[in-house]
Each structure stands twice: as structure tokens, then as C-alpha cells.
Amino acid sequence: MALKKKKVNSKDASRKLVTAIDPKSPISEQYRTIRTNIQYSSIDEEIRAIMVTSSGPGEGKSTTASNLAVTFAQLGRKVLLVDADLRKPTVHHTFAVNNLFGFTTVLTKQKTLEKTVLETEEQDLYILTSGPIPPNPAELLSSKSMEQFIEEAKSQFEYIIFDTPPLLAVTDPQILANKCDGSIFVVYSERTEIDQAKKAKELLENAQSKLLGVVLNHKEVQNGDYYYYYGAK
Ligand SMILES: Nc1ncnc2c1ncn2[C@@H]1O[C@H](COP(=O)(O)OP(=O)(O)O)[C@@H](O)[C@H]1O
Ligand SMILES: [Mg+2]
């Protein structure tokens, strides 16, 4: 695809992402561990469309999705980070770009994917902000157009990472789970309630999502050890 050479204009874009600013840090190393685990999950089955979700708000879905996207791009693979949180989108804030056009613009066929995607200053990392919030996000995500979107994105990018809203708040992540190849579930240490996490995991299972792993976010660092934990289900 002849992507526009228009890189996101802020020099500070992606600077807030630890994997971009400090790839050698232990936290970046943990993101690479998650990446490796996803790659191992891909041995029998191709895992290229991955969604990041959690039970509630503020648990680190967007942080995890964007850092994972950077980490995959650092392998030299073309990666598309899609803001599929059509309730509280944040990718445009993270990358300091406007959100006039994006995912919803492509889903509603007002613009092509090629014309809407933005190239970032991180090599091989492309983003699709949410675009204007529609009145009917769940309907849009269940549409045929969404299936075509995934197909097209897969033809242009090696990995597509979807940032999503919370599982216990809206049905959107379940709809997406069914269309993606796998999901990453984020738990915020000492904030996510166990019952809620269980309920959310059940919803993912009901959607027949392949749970690629659980990220324990914000686990307190003790004795210089970094306790970001990743484990298979
Ligand atoms: N491990 C962490 N350490 C410090 N701040 C974090 C961590 N994870 C998330 N945050 C911050 O918490 C807020 C919510 O995180 P975010 O990734 O936007 O959550 P969600 O997308 O699940 O709502 C953001 O301001 C983010 O920068
Ligand atoms: Mg978010």
C-alpha cells in the first residue's frame, strides 16, 4: 500500500510510551516478553489481529495496547494500532494528533484505510485513531464492514492491535473478540476486583476468544525486581 508519507507531526508523539523512549528499560523488556509469548501462541494458528481489553476503566488497556504495538514494530514488522475504544478513545491523545478521521470513518466507508492511517515516528508503527464517535458503536463493530476492515488491514499490516473499552461496561469488546485472532486481558494490581476479572474472562470465553495472556499491570516494584507479570491463562 502506498502509504502517505505524512508522519504524525508532533516530535513528542509516542514519547510517553516507555517502549519508545526507553527500549532498554526492564518495563520494555516485559513488553517484549509479552510479544514473545504471543509469537509462541502463533505456532499452530496465525495470530495477527489482537485486542487488548480489561474488565473496567483505567486498568491500562490503552497503555498496554500502545506499548505492545511499539514493541512489535521494533521487530521490523508493520503494525497498525487501532483505537477501537469508541466510548473513550485515547490513541489520538497519546500520539498528539487530531481525531477528525479514523476507524469509524473507514468502517462507514467515508474514507479508505489507506487514506486514513497515520504513519508515526516509530518505524513500522501506524495508527488509526477512533474517528468521530458514532451513536451506535456496537452495531458498527458487528457490521460486515468490520470484517472487511480486518481482512484489508491484514493484507497491509503484519499485526493489528485493537485498543478496546472495558468488557463489563459495553458489548463492544465481545464483538471484537469474536473477530480478532486473540485477546490480551489486562488486570490492574490491587484495583481490579477478582470477581469482576472472572466475569470479564467469562465474557471473553463466551465470545470464543483465544486468550493469549493476562498482563498484571501496576504491580508494585519491590527490591528492584519488576513484577510486570505475564502468564498464559
Ligand atoms: N503501570 C502503570 N504505571 C503508571 N501509570 C499507569 C500504568 N498503567 C496505566 N497508567 C496510567 O493510568 C491511566 C489509565 O491507563 P489507560 O491505559 O488509559 O487505561 P484504560 O485504557 O484501561 O482506561 C493513564 O493515565 C495511564 O497513563
Ligand atoms: Mg483506554
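Biologist: Does Lys 179 count as buried or exposed?
Modeller: This is a predicted model: local features need pLDDT of at least 70, side-chain atom pairs need pLDDT 80 or more, and totals for chains, interfaces and linings use all residues. Residues are numbered from 1 along each chain as its sequence is written, chains are lettered from A and ligands numbered from 1 in the order in which they are written, and side-chain values use heavy atoms, leaving out hydrogens and water. Buried means under 20% relative accessible area, exposed over 50%, partly exposed in between (1.4 Å probe, protein chains only). At 17% relative accessibility, Lys 179 is buried.

Biologist: Which residue meets Lys 179 in a salt bridge?
Modeller: A salt bridge needs a side-chain nitrogen of Lys or Arg within 4 Å of a carboxyl oxygen of Asp or Glu. At 3.1 Å, N to O, the partner of Lys 179 is Glu 147.

Biologist: How many residues apart in sequence are the parts that this pair ties together?
Modeller: Lys 179 and Glu 147 form a salt bridge. Lys 179 lies in helix α9 and Glu 147 in helix α8, so the parts tied together are apart in sequence by 32 residues. Helices (H or I, at least four residues) and strands (E, at least two) are DSSP runs, numbered from the N terminus. Glu 147 is partly exposed at 41%, and the separation is again 32 residues.

Biologist: What does the buried side of α9 pack against?
Modeller: Six of the eight residues in α9 (172-179) are buried, including Ile 175 and Leu 176. Contact means heavy atoms within 4.5 Å. The packing partners are β1, α7, α8, β5 and α10.

Biologist: How far apart are the closest N and O atoms of Glu 29 and Arg 32?
Modeller: Both residues lie in helix α2 (residues 26-41), three residues apart, so about one helical turn separates them. Glu 29 is partly exposed, at 38%. In their salt bridge the N to O distance is 2.8 Å.

Biologist: Why does the ring pair of Phe 103 and Phe 162 count as tilted?
Modeller: Rings of Phe, Tyr and Trp (its six-membered ring) pair if their centres lie within 6.5 Å; planes under 30 degrees apart are stacked, over 60 edge-to-face, the rest tilted. The search finds five aromatic pairs. In this one the centres are 6.3 Å apart, and the pair is tilted because the planes lie at 55 degrees.
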